[in-house]
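This report looks at how one protein chain is packed inside. Please keep the model open while reading.

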Amino acid sequence: MNSTLRHRLLIILIGLCLLAPFYAPPLAQAAIANPRNTALTNVYATAISASFATLPSSGSHVCVQLAGFASTTNPTSFTIADNQGVGNTYAQSVYLAGTRFTMIGCTTATIGATSGTFTVTATAVGSVGTVALQMVAREYTGLASGNPLDVVASGSGTTTTLDTTATATTAQAEELLLYSASVASNSATTTYTENVSGSAPSSGWTEDFTDADDTNALTCSFGSVIVASTVAARHVITVSTGGNNTAVVATLKGASAPAPDVTKFRLRLNQ
């Protein structure tokens, strides 16, 4: 290697060392994960609570899935809160009342510090009679730090096969899809598949929780799937041995990786 080439390589090496502080590679996007859930709870009241066996982590989101039956008038909506006292806020993402009713809700920002026992409570709004409620709460990491809700859809009917109808096109590829369904039968068997823009069903959803309420002829089913393929309109097809179905689906955005900041790099080159 001659002296001229060595000199040039030395200049390049020095230049790279000088520029290194002004370039940071993009951070990897954290995958959506579900570290813990509460047990499924079942009560006859206008409010229902569920507690985590171990504390959710600060910086995650908490979502609830609920189904129920009212003997007279369905609730008009639900409010959601927890007992942590640190200003965590929740919003009802989607709610539908038919022969039975069902709801999905989620925190509108990541949760703060946690302590003691973390309990989430959903309360029916409106003048209702006897209400049978079933609910589960979930912790998710890797969702957008603000309100992660993207798009929703719902549907109800008296046939054994129900399509929630399609959501609007999702904002991004990696999203969490949650469904909540209630069936007017205390012995219904249900299967769920997720259609993308009217294409053939995918391999299906994970049905995490199901429970039969013998007194009120109600079967609830809650499930989830994480998709990271393409943006698309999404909906859930419910096939049940019960005759009256009410189902909702909500999609939640995953956290986006920040783009690299090359401003300083460019300014350095122009100096």
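**Cores**

The model is predicted. Its largest nonpolar core has 22 residues. Leu-66, Phe-78, Phe-101, Met-103 and Val-120 have the most contacts inside this core. Several strands give two or more residues to the core, including strand 4 (61-70), strand 5 (77-82) and strand 7 (101-107).

Leu-66 shows the packing in detail. Leaving aside neighbours within four places in sequence, Leu-66 is in contact with Phe-78, Phe-101 and Met-103, among others. Ile-48, Ala-122, Leu-133 and Phe-222 are also among its contacts. So are the residues Thr-102, Gln-134 and Ser-180.

A second, separate core has 13 residues. Leu-143, Leu-178, Ala-250 and Leu-252 are among them. In soluble globular proteins, nonpolar side chains tend to be buried together.

**Strand 12**

Is strand 12 enclosed or open? Ten of its ten residues are buried, so the strand is largely enclosed by the rest of the structure. Glu-174, Leu-176, Leu-178, Ser-180 and Ser-182 point one way. Glu-175, Leu-177, Tyr-179, Ala-181 and Val-183 point the other way. In a regular strand the side chains alternate between the two faces of the sheet.

Strand 12 pairs in the antiparallel sense with strand 15 (residues 218-228) over ten bridges. Strand 12 also pairs in the antiparallel sense with strand 17 (residues 245-253), over nine bridges. In strand 15, Gly-223 is the bridge partner of Tyr-179. In strand 17, Leu-252 is the bridge partner of Leu-176.

**A buried glutamate**

Glu-175 lies in strand 12 (residues 174-183). Its relative accessible area is 0%, so Glu-175 counts as buried. What does its side chain reach? The side chain of Glu-175 reaches the backbone nitrogen of Ala-171 at 3.5 Å. Leaving aside neighbours within four places in sequence, the contacts of Glu-175 include Ile-32, Asp-150, Thr-170 and Lys-253.

**Cysteines**

How many disulfides does a search of the whole structure find? It finds zero. Cys-63 and Cys-106 are both buried.

| Residue | Relative accessible area |
|---|---|
| Cys-63 | 1% |
| Cys-106 | 4% |
| Glu-175 | 0% |

Terms used:
Residues numbered from 1 in each chain as written. Predicted model: local features only at pLDDT ≥ 70, side-chain atom pairs only at ≥ 80, totals over all residues. Heavy atoms only, no water. Disulfide = S-S within 2.5 Å. Buried < 20%, exposed > 50% of the residue type's maximum accessible area, 1.4 Å probe, protein only. Core = buried A, V, L, I, M, F, W, Y, C linked by side-chain atoms within 4.5 Å. Helix = DSSP H or I, 4+ residues; strand = E, 2+ residues; numbered from the N terminus. Contact = heavy atoms within 4.5 Å. Polar contact = N/O pair within 3.5 Å; in protein donor to acceptor, adjacent residues only side chain to side chain. Pairing = 2+ DSSP bridges.
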